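Please read the points below with the model open beside you.

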Amino acid sequence: MSITKLLGIKYPIFQGGMAQIAVSPLVGAVSNAGGLGIIGSGGFSADRLRDEIRKAKESTNKPFAVNLMLMMDNIPELIQVIVEEGVKIVTTGAGTPAPYMKTLKENGIIVIPVVPSVKIAKKMEALGVDAIVAEGTEAGGHVGETTTMALLPQVVSAVSIPVIGAGGIADGRGVAAAFALGAQGVQVGTRFLATVECPTHENFKQAVITADDTSTTVTGRSLGGPVRSIKNSMIAEFLRLENEKAPREELEKLSLGSLRRAVFEGDTDTGSVMAGQICGMVNEITTVEEMITTMFEEAQEILEKLGKLSVVGA
Ligand SMILES: O=C(O)COc1ccc(-c2c[nH]c(CNC(=O)Nc3ncc(Sc4ccccn4)s3)n2)cc1
């Protein structure tokens with residue numbers, strides 16, 4: 001079954017469940033435009049998640065999902081809210097949904113984990129998940145080490161459930177490439193940061209659209225949690241401390257509150273502007289509707305052209 005049929009969406013595009021960012025009005029706008037809006041529950045209390053689910057219900061009658069960031073320590077409470085509020089699609093990241101699969105499946109919830117490797121993709125398929133998002137290291141935020149171009153076809157070959165490609169996708173070319181590599185859909189994060197409906201501070205959006213292809217870097221490998229973000233003075237200091245083998249507490253102190261500082265206060269110099277390598281190609285702020293329709297018009301045109309293309313020498 002196609003991912004659009006499984007989820008009841010028009011376009012096979014997921015909006016990344018970015019912590020603190022993937023909330024109203026972004027989520028409703030994505031679902032109303034025909035994609036899958038996803039509430040980013042990372043760092044939320046149960047009450048805050050319920051509030052965001054109810055705002056999403058008010059803003060769209062189309063399907064939307066909740067992303068569970070599995071590093072958090074209140075996942076059972078968040079799942080309770082998801083069940084009570086009747087949300088039927090859950091994506092997960094940064095860990096394994098194994099402990100929660102029984103509850104999620106008993107309640108008829110579609111489970112779609114994001115994975116950074118073939119090994120974890122196979123583990124997830126064995127758990128009985130419904131589809132998989134294979135996310136390359138190009139993505140923003142918490143990432144693995146394998147590029148989308150290498151990871152996606154290997155995950156597609158390794159599992160029998162639908163695969164969605166993520167990491168470095170921001171226009172029709174990226175969508176067409178993901179489908180050529182065997183994906184049935186795409187997940188997009190960074191490009192949604194440059195939308196009118198994205199609720200971040202304007203400085204955050206400006207940092208994304210003024211960045212170029214070499215503006216991001218990965219920090220936190222020494223802590224076991226690699227995170228891609230746009231380089232700034234906090235990141236430079238973080239890398240210096242990591243290279244000097246500073247104690248974990250010192251690194252964590254530096255990054256504490258940095259996501260909120262950038263997202264809400266617009267402090268893009270000492271805050272954490274998580275974004276992917278494709279930010280160099282994200283140069284204007286549009287509405288979600290414009291972004292999604294343009295992306296899929298482009299992708300359709302490219303795939304039709306490719307259909308006639310002969311790759312064998314004339
Ligand atoms: O052990 C297992 O079975 C599963 O292991 C896994 C290991 C990693 C992953 C993984 C990698 N990437 C993703 C999905 N992407 C993400 O989760 N991206 C994120 N970005 C920001 C986030 S919130 C945050 C805030 C501050 C510092 C760190 N993170 S979460 N999941 C998934 C599963």
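1. The residues of the shell around the ligand divide into 9 nonpolar, 5 polar and 2 charged, where Ala, Val, Leu, Ile, Met, Phe, Trp, Tyr, Cys and Pro count as nonpolar, Asp, Glu, Lys and Arg as charged, and the others, Gly among them, as polar. The shell holds 16 residues, and the closest to the ligand are Met69, Ala94, Lys123, Glu135 and His142; a residue is taken as near if one of its heavy atoms lies within 4 Å of the molecule.

2. A word on the basis of these points: this is a predicted model, in which local features need pLDDT of at least 70 and side-chain atom pairs count only at pLDDT 80 or more, while totals for chains, interfaces and linings use all residues. Residues are numbered from 1 along each chain as its sequence is written, and side-chain values use heavy atoms, with hydrogens and water left out.

3. Helix 6 (118–127) and strand 7 (141–142) each supply at least two residues of the shell around the ligand, and helix 6 gives the most, with 3 residues. Helices (H or I, at least four residues) and strands (E, at least two) are DSSP runs, numbered from the N terminus.

4. An N or O atom in the side chain of Glu135 is placed 3.1 Å from a nitrogen atom of the ligand. Taken alone the ligand exposes 720 Å², of which the protein buries 75%; accessible areas come from the Shrake-Rupley method with a 1.4 Å probe, and for residues only the protein chains shown count as cover.

5. The loop between strand 1 (13–15) and helix 2 (26–32) is where Pro25 is placed, and the peptide bond from Ser24 to Pro25 is cis, with omega near 0 degrees. Gln20 lies in the loop between strand 1 and helix 2 and has a positive phi of about 70 degrees, although it is not a glycine.

6. Is Gln20 buried or exposed? Gln20 counts as buried because its relative accessibility is 10%, given that buried means under 20% relative accessible area, exposed over 50%, and partly exposed in between (1.4 Å probe, protein chains only). Lys245, in the loop between helix 11 (233–243) and helix 12 (248–255), has a positive phi of about 55 degrees without being a glycine, and counts as exposed because its relative accessibility is 72%.

7. The second largest pocket is lined by 13 residues, of which Ala170, Asp171, Arg191, Glu284 and Glu298 lie nearest its centre. By class, this lining has 5 nonpolar, 3 polar and 5 charged residues, and helix 14 (residues 288–308) gives the most to the lining, with 5 residues.

8. Asp51 lies in helix 3 (residues 46–59) and counts as partly exposed, because its relative accessibility is 38%; its C-alpha atom is separated by 10.0 Å from that of Val81, 30 residues apart along the chain. Ile75, in helix 4 (residues 75–84), is buried, with a relative accessible area of 0%, and the C-alpha atoms of Ile75 and Ser41, 34 residues apart along the chain, are separated by 9.5 Å.

Notes: A polar contact is a pair of N or O atoms within 3.5 Å; within protein, one must be able to donate a hydrogen and the other to accept it, and residues adjacent in sequence count only if both atoms are side-chain atoms. On a 1 Å grid over the protein atoms alone, a cavity is a set of points where a 1.4 Å probe fits but cannot get out, and a pocket is an open set with protein on both sides within 12 Å along at least five of seven lines; lining residues have an atom within 4 Å of a point.
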